[in-house]
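Morning, everyone. Please look at the model on the screen while I talk. I'll start with a term, then go through the parts.

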Amino acid sequence: MAPEENPGTELLLQSFERRFLAARALRSFPWQVGGGACWSPGADGSLEAKLRDSSDSELLQDILQKHEAVHTEPLDELYEALAETLTAKESTQGHRSYLLPSGDSVTLSESTAIISHGTTGLVTWDAALYLAEWAIENPAAFTHRTVLELGSGAGLTGLAICKMCRPRAYIFSDCHSRVLEQLRGNVLLNGLSLEAEITANLDSPRVTVAQLDWDVATVHQLSAFQPDVVIAADVLYCPEAIVSLVGVLRRLAACREHQRAPEVYVAFTVRNPETCQLFTTELGRARIRWEVEPRHDQKLFPYEEHLEMAMLNLTL
């Protein structure tokens, strides 16, 4: 970005950059002034005007040059993801990149369909972005601790925590074989090693991708994880899933008879109040206390502004 660019244009570029790299829907871009953007850069400050005043490639070149300035080596996977985005026609899989405050990024292989291979776990849902923002704002909750994520999906939240919060160990988990395959690929794509592999980076957490079916997981199986923190995002999508989730939380509590139970954080998008009510009702039946976590201030990722997000802190 040239020094003479005004702050409004800088915000415009940042907004475009985050949405472009995360492959958000075109309708979410600030095409026109007053179209829902949270700033007022001026009458000529819309993205549409910016693109008219310069070549289409100038903004992309600016983004890539900024990434080269941050990384000691070009971010090859970012170039590949951009190339795939620009050339792909009909593909069921694509790449999205989510920028972190450190200048690093999380790049994910994701499905282009909400439901694919019989599961919704191949895409990143908005509550996962919300939970990742909260984690980055509250790193002490994860630093030097063992984290178990239930229903990891594409892996955004866990990868952001691994890169920004310095956990001792991180366990991604899901039950669907296709999701687990994608998870392993995304872990490797982001420069982390799986526990079974030899790694020379002693600063990286021990990372595991585990198959975990909430309905059949035993206390013995859960005991092997020994988590200090348990997290989950956007897993309250139907009554059956809620009952299964509360059941696995009860078994996690039983794993720590003589030790402190893990801290639990569950983030979700409030789509149906009845679903949220069912979750808190089931928690009460299981004698699991809960409280609403205050909304965090950070807005790092480009999810829909109008969505109502919530997160509960559970006491097992």
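First, a term: buried means under 20% relative accessible area, exposed means over 50%, and partly exposed lies in between, using a 1.4 Å probe and protein chains only. Next, the source. This is a predicted model, where local features need pLDDT of at least 70 and side-chain atom pairs count only at pLDDT 80 or more, while totals for chains, interfaces and linings use all residues. Residues are numbered from 1 along each chain as its sequence is written, and side-chain values use heavy atoms, with hydrogens and water left out.

Now the overview. The protein chain has 10 helices and 9 strands. Those are DSSP runs, numbered from the N terminus: helices are H or I with at least four residues, strands are E with at least two. Of the 316 residues, 49% are buried.

On to helix 9, residues 239-254. Helix 9 has 16 residues and reaches 23 Å from its first C-alpha to its last. The expected span is 22 Å, taken as 1.5 Å times one less than the number of residues. Which residues of helix 9 are buried? They are Ala241, Ile242, Ser244, Leu245, Val246, Gly247, Val248, Leu249 and Leu252. What covers them includes strand 3, helix 8, strand 6, strand 7, helix 10 and strand 9.

Take helix 10, residues 273-285. Helix 9 and helix 10 pack at about 30 degrees, with axes 10 Å apart. Axes are lines fitted to C-alpha atoms, for helices over the stretch in contact, and angles run from 0 to 180 degrees between N-to-C directions. So helix 9 is roughly parallel to helix 10; the term covers angles under 35 degrees.

Who meets whom? From helix 9 come Pro239, Ile242, Val243, Leu245, Val246 and Leu249. From helix 10 come Thr275, Leu278, Phe279, Glu282 and Leu283. Contact means heavy atoms within 4.5 Å. The residues of this contact divide into 9 nonpolar, 1 polar and 1 charged. Nonpolar covers Ala, Val, Leu, Ile, Met, Phe, Trp, Tyr, Cys and Pro; charged covers Asp, Glu, Lys and Arg; the others, Gly among them, are polar.

Last, backbone angles. Most residues other than glycine have a negative phi. His144 has a positive phi of about 60 degrees. His144 sits in the loop between helix 5 and strand 3. Is His144 buried or exposed? At 52% relative accessibility, His144 counts as exposed. Gln226 also has a positive phi, near 50 degrees. Gln226 is in the loop between helix 8 and strand 6. At 32%, Gln226 counts as partly exposed.

Terms used:
Parallel < 35°, antiparallel > 145°, perpendicular 65-115°, else oblique.
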